[in-house]
Amino acid sequence: MARTTQAPKTRTRPGPRGWAGRGGGAQLYLDPAPEWRGTSVQVCGLWPFGAGSGTPTIGVPLGRDLQTGATVCCDPISWFRTDRAGLILNPSLFVLGQPGLGKSTVIRRMALGLAGYGVHPMIFGDLKPDYVDLIRAMGGQVITLGRGRGHLNVLDPGESTAAAARLTGDARRALLEDAHGRRLTMVSALITILRREPPTDREEAVIAAALRVLDARHDGVPVLGDLVQVIKDAPEPVRTAALDRGHMDRYQQITENLESSLTSLLGQGKLGETFAHPTTEPMHMDRPTCFDISGIDDSDDQLQAAALMACWSYGFGAVAAAQALADAGLAPQRHYFLVLDELWRALRAGRGLVERVDALTRLNRQKGVGMAMVTHSLKDLLALPTEEDRMKATGFIERAGMIISGGLPKEEMPKLSQVVDLTSVEQRMVTSWSTPPGWTTQTGGEVAPPGRGNFLIKVGGRPGIPLHIDLTAAELHVNDTNRRWHK
């Protein structure tokens with residue numbers, strides 16, 4: 001039987017390390033290829049050798065990327081902290097979007113996730129309500145306000161007085177001055193809402209002097225009626241602030257309009273008695289909290305705006321007191337996620353209220369606090385009566401560390417692009433999400449708009465991150481804001 005031999009195969013290509021064998025010169029060590037990163041404009045034409053960066057994986061799991069399907073993690077506190085992401089310079093968030101597309105769902109998802117990280121959500125004014133069920137599910141505190149439902153004393157310094165008693169030196173003086181400034185701002189805001197215009201400089205000076213006299217002579221927590229009585233009594237510091245030149249008739253003439261406005265806040269005016277009595281339920285700083293003002297009718301716009309301002313002032317003051325104790329080592333360091341929803345309602349209630357909101361937010365810049373401001377569109381800020389107010393309101397967005405936009409109409413894009421750097425692709429994406437549902441009816445369920453749950457995250461000039469939020473089974477109940485329409 002003949003034997004056959006098979007000729008060895010001849011290599012036509014070198015291996016990954018070159019030609020093997022004698023005389024081949026195979027390379028034993030391979031140097032990694034140099035890599036550079038650039039934008040699609042800078043390295044155009046080099047595809048398919050470009051590689052994009054992934055979505056952030058630090059923070060609350062917010063949703064899935066609409067382009068890649070990857071999980072997007074996002075919240076203003078995690079993205080601000082340098083020991084975590086360090087992606088933004090300010091732990092704040094501004095949310096824009098048309099009604100019914102899920103703005104509150106974004107905030108609820110963040111609040112729930114941050115609570116798991118040990119951050120306490122604080123909802124300073126829930127009008128619908130959107131957050132009551134969530135806060136109760138987390139074992140938090142729900143404070144109800146409104147006509148016949150509860151009171152919030154705007155002269156109540158809250159935790160500030162008790163905290164100041166435990167502090168000394170500059171820390172004590174700073175906290176007391178902070179509380180004084182907040183009460184002055186809140187009383188001025190109530191007068192602004194009532195009159196539709198801010199009080200005069202002289203009237204504010206009278207209020208400031210009367211508050212200091214009231215603190216010196218009053219035992220316990222004063223109410224608005226006590227402030228009115230101090231102005232009527234005309235003590236020397238108040239008369240000096242009024243510049244009455246030593247004439248009582250002149251003093252009474254100067255303070256007549258102010259006394260009339262404050263008297264109308266004691267129960268007989270448009271704002272009722274909501275702010276004229278002792279606080280019904282004090283706020284606790286060791287748990288999530290929600291101020292439920294959904295009992296105030298939408299037609300009562302002045303009372304809604306006043307309630308929002310009062311909740312914001314009281315809440316910011318309580319957080320400032322807690323942080324002051326933590327800085328002094330007298331209380332544990334707690335982090336808070338503050339939510340200012342329906343911002344437009346407070347801003348439209350009267351000329352000059354933008355400055356009041358700005359003062360409230362600027363008085364609280366301690367570390368450990370993140371903030372979210374929510375409204376429908378940039379029109380809400382640009383529809384204010386004066387150019388000064390419009391510029392200050394636009395500054396709320398410009399100072400935000402990140403902006404999350406839901407569906408918005410096309411006419412909104414030119415104005416929004418002046419504040420946020422949106423590409424033409426991002427603009428078309430956001431406007432497409434504002435499309436209403438189709439004409440086809442559906443029985444036994446809701447026809448959801450095509451853009452519901454879709455949002456675009458923008459940080460500075462970086463490319464936006466489009467994402468979609470899918471609710472889990474555990475979240476469906478606390479996110480049902482149409483419960484009254486169900487059978």
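**Terms and values**

Reply: Happy to. Of the 487 residues in the protein chain, 48% are buried. Keep in mind that this is a predicted model.

Me: What makes a residue such as Tyr251 of H9 count as buried?

Reply: The cut-off is a relative accessible area under 20%. Tyr251 is listed among the buried residues of H9, along with Ile254, Thr255, Leu258, Ser261, Leu262 and Ser264, so each of them falls under 20%.

Me: And what do those buried residues of H9 pack against?

Reply: Their partners are helix H5 (169–195), helix H6 (201–217), helix H7 (224–233) and helix H8 (236–242). Contact here requires heavy atoms within 4.5 Å.

Me: Where does H9 bend, and what does the angle compare?

Reply: The bend is at threonine 255 and is about 45°. The angle lies between axes fitted to the seven residues ending there and the seven starting there. Threonine 255 is also one of the buried residues of H9.

Me: Why are S2 and S5 called edge strands?

Reply: Strand S2 (71–73) and strand S5 (141–144) each pair on one side only. The open sheet has eleven strands in the order S2-S1-S11-S10-S9-S3-S8-S7-S4-S6-S5, with mixed pairing. Its twist averages 25° from one strand to the next.

Me: How do you know that S3 and S8 pair?

Reply: Pairing needs at least two bridges. Strand S3 (residues 92–96) and strand S8 (residues 369–375) have five, in the parallel sense, so the pair qualifies. Leucine 96 stands opposite threonine 375 in S8. Helix H14 (residues 387–399) lies across S3, S8 and strand S9 (402–405), at about 115° to S3.

Me: What makes the largest nonpolar core a core, and which members touch the most others?

Reply: Its members are buried nonpolar residues joined through side-chain atoms within 4.5 Å. This core has 89 residues, and Phe94, Phe124 and Trp312 touch the most other members. Helix H10 (residues 301–327) supplies the largest share, 14 residues. A second, separate core of 35 residues includes Val95, Val106, Val374 and Ile469.

Note on methods: Residues are numbered from 1 along each chain as its sequence is written. This is a predicted model: local features need pLDDT of at least 70, side-chain atom pairs count only at pLDDT 80 or more; totals for chains, interfaces and linings use all residues. Side-chain values use heavy atoms; hydrogens and water are left out. Buried means under 20% relative accessible area, exposed over 50%, partly exposed in between (1.4 Å probe, protein chains only). Helices (H or I, at least four residues) and strands (E, at least two) are DSSP runs, numbered from the N terminus. Axes are lines fitted to C-alpha atoms, for helices over the stretch in contact, and angles run from 0 to 180 degrees between N-to-C directions.
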